[in-house]
Amino acid sequence: MAAGSKESLLRTMDAIITELEQEGLINKYFRLSSQLKEVNGPYFFANLLLTFISDTHNALMEIAKLLDEEFVNFDALDQIAIKLKGSASCIGLVCISRACANLRCGIDVKSHIGLKMKSNTSSEGYMQD
């Protein structure tokens, strides 16, 4: 790659990162992650993002599968949300990290509602005996 095209690519990437930071979608950790280099070559960050995208896709597919179950396993959902939130936070993807935090709040609320409903149903059955 010619030096001029490399510099142009770096400027473009910097402009995109700045715009995403201003929109609040990413934070400084994304920029820091983008500057990571590996001894074996300049593709560390690109590979990091590809791995994150693949892992996120798998996590979202697992979430969809869990939500399609008749009885939702909230503990499994919560574990996936924790992992995804941590991964996103590590590389500065604020929007995904926030979405996972919101998902965890929803999981907490729904699991407590489910426990109350189950508890009420059990006690109603007990009272009728």
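**Stop one: a buried arginine**

Select Arg-31, which counts as buried because its relative accessibility is 19%, where buried means under 20% relative accessible area, exposed over 50% and partly exposed in between (1.4 Å probe, protein chains only). Residues are numbered from 1 along each chain as its sequence is written. This is a predicted model, in which local features need pLDDT of at least 70 and side-chain atom pairs count only at pLDDT 80 or more, while totals for chains, interfaces and linings use all residues, and side-chain values use heavy atoms, with hydrogens and water left out.

Arg-31 lies in helix H2 (residues 28-34); helices are DSSP runs (H or I, at least four residues), numbered from the N terminus. Now show Asp-14, whose side chain makes a polar contact with the side chain of Arg-31 at 2.3 Å (a pair of N or O atoms within 3.5 Å; within protein, one must be able to donate a hydrogen and the other to accept it, and residues adjacent in sequence count only if both atoms are side-chain atoms).

**Stop two: Leu-84**

Next select Leu-84, which, leaving aside neighbours within four places in sequence, is in contact (heavy atoms within 4.5 Å) with Phe-52, Thr-56, Ala-59, Ile-96 and Cys-100.

**Stop three: confidence**

Finally, colour by pLDDT, the predictor's confidence in each residue from 0 to 100; the protein averages 82, and 79% of the residues score at least 70. Confidence is highest in helix H4 (residues 74-90), at a mean of 94, and lowest in helix H5 (residues 94-128), at 69. Over residues 121-129 pLDDT stays under 50, and the model has zero contacts there beyond four places in sequence.

Conventions:
Helices (H or I, at least four residues) and strands (E, at least two) are DSSP runs, numbered from the N terminus.
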